[in-house]
Amino acid sequence: MINVYVPRDTTALSLGADAVADCLAREIQQRGLSARLVRNGSRGLFWLEPLIEVDTSRGRVAYGPVTQDDIPALLDQGMLEGSESHHLYQGYTEAIPYLQNQQRLTFSRVGITDPLSITDYRNHGGFRGLEQALGLKAAQIVDEVERSGLRGRGGAAFPAGRKWRTVLETDPERPGQPWSGRKFIVCNADEGDSGTFADRLLMEGDPYVLIEGMVIAGLAVGAETGFIYLRSEYPNAHRILTEAITRAEAEGYLGSNLLSSGRIFHLYIRLGAEAYICGEETAMLDSLEGKRGMVRAKPPLPAHHGAFGQPTVVNNVLTLAAVPYILAEGGQSYADFGMGRSRGTQPFQLAGNLARGGLVELAFGVTLRSLLYDFGGGTESGRPLRAVQVGGPLGAYLPESHWDTPMDYEAMADAGGMVGHGGIVAFDDSVDMAQQARFAMEFCRVESCGKCTPCRIGAVRGVEVIDRIIADQDRTDNLALLQDLCHTMEMGSLCAMGGMTPNPVRSALQFFPDDFTRPAGNEGG
Amino acid sequence: MQEPNINDQDNRMTQLIEQHQHLPGALLPLLHAVQLTFGYIPHTTVPAIAEALALSRAEVHGVISFYHGFRSQPCGRHLLQICCAEACQARGSRQLVEHTRQKLGVDFHQTTADGEITLEPVYCLGNCATGPSVRIGDRILGRVDPAAMDRLLDDLTRVPLRFQSPPPETSDTKRGPQ
């Protein structure tokens, strides 16, 4: 029996993977072929999706991008034998340079396994970290994570081990409070930054690694309850995670007696409701508690006073998903990757106008140019690349002069950018940077939680001022006003929404000034 | 969409409240369940929600109105969301939005006159390398250019109404709802 793989991740589905899988299953049956259809996660080579893979004696071979209309010809030409004759043949999957040149630690299983099969997960090294952790004292688990140098992958890059130690050492007794005595693990899966999809790809392609990471976090700090705060824009991830949790409970990887150790960890999913601000950890905690997602002032830190007023670890999906490897292989093994104070690997996400968009997990230190050209293949449109936004909607737009900066937290910060969650959105030369600056303000207007006036009102005024600049009304004065407004938002907002919306605006002004000084009515493009 | 029958609504609400009120942070899960059941969150359900969770009606209303994902009005038969975030902009979503507005004759947050389609923006569906992306129900579609949007809209509006009482079965009406 030969295994044939058709991914079930959102991108593959969005390009017709279900129709491909249905057609393939029908043809296999009608032709009486001996093959088993597996719905795997995506390898993250999105320009090849839907990507069919077939097991051969020398590894999997790949065909893509496949439509259902291609299936009969693919089978006629020997796809199930790994034939090279069809024009969609891509060779051995692992030998595709895009994949071969990566360093996949966190994503080591994604696209290889059936995401819901616990057997697959175990056979590929899964749950070894948890087994290690069950034999360690809480502080020893935290030591191991600290040794790895792992920093929060959500964007703020705070050392995970230090956060865990704080929660471990915080007394959860809060007399009179309803949840006194409890600690919580909260996974921030509100991946709202445009150009990022690594959390989604991981949750859809290898949900057990996140579950395992959360259980280990619980053991490390003494928490018996976890929540995954998942954005409602990810219905497919919701389906897969829900099923994975059910299966993990049935097999004793979650619940009241973890692997017969007597230890406890319960895990629940909470859905967001389309509010970008809930990706900010304190707004997320308010939302988790059933409130409007309003940003809280810090201190108190969530580690002291988090979900339901109790000590809480809040980590991004990728942070928690890096933990099983660290426990299984040792913190030092993880720390051996990377540069400077940016240890380990970062899943970069190539998005926007690139010929080869997808997921690229690499040690820190790769340059933006290498990601854009060696991996991304330049623009899909064939026009020159002009601007690249790194780190989500609050990140700067960088021109070509900045593309040789190594992607590490400190080096990017020195260059005026940020790694953030590792999202990279590429624009060709048809982009109008004045419009992109306007959108940054518009997005802040729509998504501000409203707590801080400079953010709530400033974003409205920001759109108006940029509109006047574009329309060539008192341009010099309005440009000065815009700089002033950016300064006010930056200094007067509690969180990154208001505080960093100026990043894309200022970078557009600094690096692409011509787009703001065109004659009115000539918006370029 | 019609206002749900009040007695049916009360019965369903009683069930939904029983299922959700003991969850930690119960309000969002309950509101999701209400919206899934009725297609939106009727204002007539707010007092029961508030009472069950020991909140004021203003607090419940405040939460409903805070989140883009909660609707206090019914929407069209299909909710069509177009991703308007940067990665999709880099792949032509601005043009797609303009095309769709003109084709449907509505702006964002509006429903077509025939009640078929409500158009909404969404900020990122996590499908950022293969945009422009749109969401219909729980389906996400990629590489939606204007021509693909036209095909999608034709498909959506051609399918027979799902919740209509079925016509009498004769040989030529047997196709039924998809």
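Select domain 1 and domain 3 of chain A: their centres, taken over C-alpha atoms, are 28 Å apart. This is a predicted model: local features need pLDDT of at least 70, side-chain atom pairs count only at pLDDT 80 or more, and totals for chains, interfaces and linings use all residues. Residues are numbered from 1 along each chain as its sequence is written, with chains lettered from A and ligands numbered from 1 in the order in which they are written.

Now colour chain A by domain: domain 1 (2–100), domain 2 (118–335), domain 3 (344–388 + 403–424) and domain 4 (433–516). These bounds come from an automatic or database domain assignment. Five residues of domain 1 of chain A are in contact with six of domain 3 of chain A (C-beta atoms, placed from the backbone, within 7 Å).

Next, select the open sheet of chain A. Its four strands run in the order S8-S7-S6-S9, with parallel pairing. Strands are DSSP runs of E, at least two residues; helices are runs of H or I, at least four; both are numbered from the N terminus. Pairing takes at least two DSSP bridges. S8 and S9 (312–316) of chain A are the edge strands. Zoom in on S7 (225–230) of chain A: six bridges join it to S8(A). Leu230(A) stands opposite Leu271(A) in S8(A).

Finally, show chain B. Here 44 residues of chain A are in contact with 34 residues of chain B. Helix H12 (281–288) and strand S12 (345–352) of chain A are among the elements that each supply at least two residues of the chain A side.

Technical notes. Two residues are in contact if their C-beta atoms, placed from the backbone, lie within 7 Å.
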